[in-house]
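Here is a quick tour for anyone meeting this structure for the first time. Have a look at it, then read on.

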Amino acid sequence: MLLMMAPQLVVSGVTTGMLYALIGLSMTVVYRTTTIVNFGQGDMATAGAYATLVFAVGLGLNFGVAVVLAIGVLFALGYVVQRALLRPIANAPHLALAMMALAVGYALRGGARLEWGNQFMTLPRPYPQGALALGQVVIPTDTLVIVGFVLLLLLILLVVFQATPLGRLTQAVFQSPRGAALVGINLDAFHAVAWGVGAALGAIGGVLLAIIVPLTPDLGEWVLVQGFAAMALGGFGSLGGVVVGGLLLGILEKLLGFYVNSMFIDITGYLITVVVLLVRPQGLFGRRMIVRV
Amino acid sequence: MPEPLLTARGITAGYGSQQVLFGIDLDVYPSQTLALLGANGTGKSTMLNTLSGFVRPWSGSLRLDNEELAGKPAHRIFRRGIVQVSQGRDLFPDMTVEENLRLGAAIRRGPVGQLLDNVFGSFPRLAERRAQQVRLMSGGEQQMLAIGRALMSQPKVLLLDEPSGGLAPAFVREIATIIGVLRSTGVTMVLVEQNIKLALKVADRFLILRDGRAFERSDMREGAISEEEIVRSIYL
């Protein structure tokens with residue numbers, strides 16, 4: 001009987017795992033362009049969800065329009081954060097940049113607390129809630145929507161990074177920012193746009209998340225830990241790796257949470273990060289680890 | 001004398017509150033090579049970085065083809081045709097020779113095949129290693145690649161910062177030959193070089209910097225100044 005639960009737990013793990021993967025993907029985009037891990041990314045994701053809440057519920061706009069606006073707002077936020085807060089300290093040690101990113105996250109969280117306190121908010125589900133039964137296993141519409149979105153975004157990112165001139169440039173900027181400047185790349189603009197794209201992707205993750213779990217100001221912290229764990233497990237900088245990492249993390253936390261102790265649902269992300277950094281710092285698919293913090 | 005292609009007037013610059021350049025004037029003529037000479041810490045590299053926009057001048061004028069460029073960001077100056085080969089070379093280490101060269105033409109539109117053929121024609125050794133990862137190449141080969149990558153953008157003025165720095169003597173000779181070839185094909189260059197023999201061999205004119213000021217300038221072809229006199233004016 002207990003074993004029969006496993007497939008259903010896996011489905012549930014895939015759902016949350018794909019969301020971790022999406023947060024990890026958004027962090028990977030920033031990392032692959034700027035070598036910075038954005039420790040404010042969890043809060044940027046929830047900021048995207050709150051922005052959608054304001055546009056969709058507060059202003060009563062169509063949900064799709066609200067999401068597009070929220071993505072735009074977060075792109076602008078990422079862009080401005082890079083320009084106004086990170087660029088002036090671009091030559092500082094990586095630790096300073098990481099702290100700045102963290103501070104931005106805390107500021108966003110503080111803003112959300114001022115407005116919403118500790119209320120649980122939810123985003124309206126813009127698609128019918130249903131489920132697909134496959135024998136004994138039930139696959140909710142949420143899972144299908146989330147998996148579909150994340151795979152689509154992964155595909156787009158893979159094509160952009162691996163098969164376009166823009167992807168080659170990104171690789172060049174990552175390998176040698178100074179070299180990229182020497183071939184005429186506007187590094188400031190490149191980095192700012194990367195932060196914008198990262199924040200916008202995070203917003204999509206935040207919206208999908210806030211449809212299935214209650215949105216609170218502190219959600220960002222948990223999101224960050226899961227996204228970071230997905231990145232660490234998959235290998236920093238690897239797009240496919242972060243998705244596999246997110247999936248494994250999601251599935252593992254559900255299985256451990258059910259079969260061992262429910263506290264594992266909260267701590268698997270931390271455990272994975274610790275174990276990976278100790279045992280295999282390059283992750284499953286990373287070639288080498290360059291996290292300068 | 002033809003009109004200078006690039007002129008700098010009264011350039012002052014520095015880092016933080018530390019002033020390094022105290023009013024430098026220079027002229028670069030088409031198809032000629034100007035060598036900036038001087039001891040360590042006299043502002044040669046700072047001057048070169050000011051020409052390419054990586055260091056913003058505090059004051060002064062920098063004109064290319066009569067267009068004012070002082071204060072413009074590096075990527076805009078690059079688009080106008082002032083292209084630098086840095087002292088550290090700053091290649092893309094995990095890419096191949098060909099990928100590095102193609103990135104040299106990254107901001108150009110249109111096919112780069114002809115440019116690539118030209119560079120491989122000038123540097124047969126790069127052609128042999130076109131698929132090799134740059135990380136695995138020797139310092140001399142990397143220097144060649146750095147120069148080749150800069151040529152891919154068809155610069156109007158090529159800035160070379162210590163091209164012989166840290167290279168074995170055989171490679172220094174090879175770099176000298178390369179610079180000679182570039183000069184004979186009409187590439188306009190500004191060269192910062194510690195190796196005075198190399199500089200004097202390839203330069204048409206030189207400018208000696210001392211403590212951020214232009215100390216002496218001369219036209220090599222007038223033959224009025226010997227190597228010994230130059231060394232003396234640099235170091236004594």
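## Chain B as a whole

In this predicted model, chain B is built from nine helices and 10 strands. Its radius of gyration is 17 Å, close to the 18 Å that the globule rule gives for 236 residues, so chain B is as compact as a globular protein of that length.

What about the inside? Of the 236 residues in chain B, 44% are buried. Take the contacts in chain B with a separation of 6 or more: 67% of them join residues 24 or more positions apart.

## Where the two chains touch

Chain A puts 13 residues into the contact between the chains, and chain B puts in 18. On the chain A side, helix H6 (165–175) and helix H7 (177–182) each supply at least two of the residues that touch chain B.

## Helix H2 of chain A

Now for a helix to zoom in on. Helix H2 of chain A runs over residues 41–58, and at 1.5 Å a residue its 18 residues should span 26 Å; the end C-alpha atoms are 24 Å apart, which agrees. H2(A) is mostly covered, with 15 of its 18 residues buried. Just after H2(A) comes A:Gly60, with a positive phi of about 70 degrees.

Which helix does H2(A) cross at roughly 65 degrees? That's helix H8 (residues 187–212) of chain A, and the two axes come within 7 Å. The crossing is right-handed. On the H2(A) side, the residues that meet H8(A) include A:Met44, A:Ala45, A:Gly48 and A:Ala49; among their partners in H8(A) are A:Gly198, A:Gly202, A:Gly205 and A:Gly206. Overall, the residues of this contact divide into eight nonpolar, eight polar and no charged.

## Two loop residues with positive phi

A:Thr35 sits in the loop between helix H1 (6–34) and H2 of chain A. Its phi is near 60 degrees, a positive value in a residue other than glycine. Is A:Thr35 buried or partly exposed? It has 18 C-beta neighbours inside 10 Å, so it counts as partly exposed.

Over in chain B, B:Asn66 is found in the loop between strand S4 (59–64) and strand S5 (67–68). B:Asn66 isn't a glycine, yet it has a positive phi of about 65 degrees. With 9 C-beta neighbours inside 10 Å, B:Asn66 counts as exposed.

Methods:
Residues numbered from 1 in each chain as written. Chains lettered and ligands numbered in written order. Predicted model: local features only at pLDDT ≥ 70, side-chain atom pairs only at ≥ 80, totals over all residues. Helix = DSSP H or I, 4+ residues; strand = E, 2+ residues; numbered from the N terminus. Rg over C-alpha atoms; globule rule 2.2 N^0.38 Å. Buried ≥ 20, exposed ≤ 12 C-beta atoms within 10 Å, placed from the backbone. Contact = placed C-beta atoms within 7 Å. Expected span 1.5 Å × (residues − 1). Axes fitted to C-alpha atoms, helices over the stretch in contact; angles between N-to-C directions. Left-handed = near helix turned anticlockwise from the far one by under 90°. Nonpolar A, V, L, I, M, F, W, Y, C, P; charged D, E, K, R; others polar.
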